[in-house]
Amino acid sequence: MLAEADKLQFLQKTELFAELPQTELKAICQIASEVTYPADATLFEEGDEGDSLYLMIDGEVSIIKAGTEVLFFNEKGYCLGEIALIDNKPRSATVKTVKATQFLRITRHDFYNAMAREPRIGSGMFRVLNDKIRRDLEIQMSAIRKEIAQEESMRLAAEVQKSILPHQEISHPYVSSAGYCRPANSVGGDYYDYLNLSDNRIAIFLGDVMGHGYHSAMLAAMTKSCLQTQIRFDASVPEVMKAITRVAEEDSQAFIYMTCCYLIIHPDNRFEFANAGHPQMLLYRGNNSDPLELKSSFMPVGFPRFDELAEHSQYYSTEVEWYPGDLLVLYSDGITEAFNPDAEMYGLERFKALISEKRHLPPTEIKTQILSDLQAHQQGESANDDITLVVAKFL
């Protein structure tokens with residue numbers, strides 16, 4: 001606690017009370033209570049009713065406007081919250097402590113009584129308000145600049161995400177495709193691609209980065225770059241999966257991981273794949289209504305390993321034969337986990353049954369039927385996750 005002499009000395013150095021004589025300063029000392037807040041504490045929220053002003057003795061605070069942190073202050077004597085006392089309007093910003101911070105707090109009632117007794121407090125208030133106007137302008141401009149920067153970042157991320165998707169479908173003598181990707185927000189984390197390999201082979205990749213936003217979109221874009229580079233040296237399933245894992249694990253800006261599947265289709269009626277934490281791929285054979293489920297054998301790439309001595313996953317490929325007329329479906333869980341207004345999930349069984357019913361159609365029409373049925377299920381409910389789908393038919 002501050003001794004009275006220290007409190008007087010502190011008040012005398014503030015703009016608000018600098019002109020007051022000792023007698024009045026002592027009266028202010030009586031109404032100024034000392035309060036201490038721990039780090040990350042909220043003094044008041046934007047929109048709250050103003051009931052006190054605060055004079056900073058020691059510490060640091062952040063000013064938050066419309067959810068964006070725009071300024072920091074650690075000046076001794078800095079005055080907070082006085083404007084709401086003067087005009088009776090709600091707080092114009094949120095104030096939080098950055099570290100443990102000490103204040104002198106004066107309530108609205110006591111402050112009004114002090115001004116009535118000593119008009120010179122009004123001169124100090126004028127100086128404070130004049131300084132506040134300049135600072136508020138700085139806050140507003142800083143908030144606007146940050147908002148514009150965030151909007152621009154999201155716009156660029158959306159453009160990047162759109163650009164990394166394939167611009168045409170697979171159209172080979174032995175396989176054709178139809179793909180679709182729709183982010184839940186302006187920027188998502190789903191990504192799929194078709195890759196032309198040597199020896200007339202085709203590779204398909206589908207990944208679902210945790211979450212949907214800027215970081216997710218950037219990891220998806222880095223995965224695209226990794227794939228395009230890796231297949232020039234070694235397009236094999238194990239090597240591609242190891243390369244993607246390195247990319248995900250080296251993104252240290254945030255805890256983030258990706259489920260994915262990668263497969264290589266060979267013209268000699270076989271394909272090989274690896275599935276890392278992704279929903280099972282569905283392979284429909286001939287007239288068999290029940291699909292073969294090609295499930296995950298590995299953890300999602302980038303998923304944290306709690307055993308520090310554990311080495312990278314020893315990826316391997318699983319080989320499956322394909323026959324003309326077979327249908328292969330890859331998808332993200334944004335489809336099967338889509339909800340309707342009654343909180344009912346679309347579900348894997350409905351998804352499989354629909355594909356079985358429509359499997360005789362070309363890939364583009366199967367895709368259309370799936371998306372139409374999904375939309376009917378959602379009944380206008382917004383998607384909570386990105387939706388990605390790849391339908392491939394063997395010829």
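The structure is a predicted model, in which local features need pLDDT of at least 70 and side-chain atom pairs count only at pLDDT 80 or more, while totals for chains, interfaces and linings use all residues. Residues are numbered from 1 along each chain as its sequence is written, and side-chain values use heavy atoms, with hydrogens and water left out.

The chain contains 10 helices and 18 strands, these being DSSP runs numbered from the N terminus, with helices (H or I) of at least four residues and strands (E) of at least two. Of the 395 residues in the chain, 50% are buried, where buried denotes a relative accessible area under 20%, exposed one over 50%, and partly exposed a value in between (1.4 Å probe, protein chains only).

Of the 15 residues in its lining, Pro-166, Gln-168, Tyr-194, Leu-195 and Asn-196 are the closest to the centre of the pocket. On a 1 Å grid over the protein atoms alone, a pocket is an open set of points where a 1.4 Å probe fits, with protein on both sides within 12 Å along at least five of seven lines, and lining residues have an atom within 4 Å of a point. By residue class, the lining divides into six nonpolar, six polar and three charged residues, with Ala, Val, Leu, Ile, Met, Phe, Trp, Tyr, Cys and Pro taken as nonpolar, Asp, Glu, Lys and Arg as charged, and the others, Gly among them, as polar.

Asp-386 is placed in the loop between helix H10 (363-378) and strand E18 (387-394), and it counts as buried because its relative accessibility is 0%. Although Asp-386 and Asp-190 are 196 residues apart along the chain, their C-alpha atoms are separated by 6.2 Å. A polar atom of the Asp-386 side chain lies 3.3 Å from the backbone nitrogen of Asp-190, within the limit for a polar contact, which is a pair of N or O atoms within 3.5 Å; within protein, one must be able to donate a hydrogen and the other to accept it, and residues adjacent in sequence count only if both atoms are side-chain atoms.

Helix H10 also contains Thr-368, which counts as partly exposed because its relative accessibility is 46%. A polar atom of the Thr-368 side chain lies 3.0 Å from the backbone oxygen of Thr-364, and the C-alpha atoms of Thr-368 and Ala-178, 190 residues apart along the chain, are separated by 9.3 Å. Arg-359, in the loop between H9 and H10, has a relative accessibility of 15% and therefore counts as buried. With residues up to four places away in sequence not counted, Arg-359 touches Tyr-284, Arg-285, Gly-286, Asn-287, Asn-288, Ser-289, Leu-327, Ile-366 and Lys-393; the C-alpha atoms of Arg-359 and Val-391, 32 residues apart along the chain, are separated by 9.9 Å.

Positive phi values in residues other than glycine occur at Asp-199, where phi is near 60°, and at Ala-343, where phi is near 65°. Asp-199 lies in the loop between E10 and strand E11 (201-209) and is exposed, with a relative accessible area of 64%. Ala-343 is found in the loop between helix H8 (333-336) and helix H9 (348-358) and is likewise exposed, with a relative accessible area of 56%.

Notes: Contact = heavy atoms within 4.5 Å.
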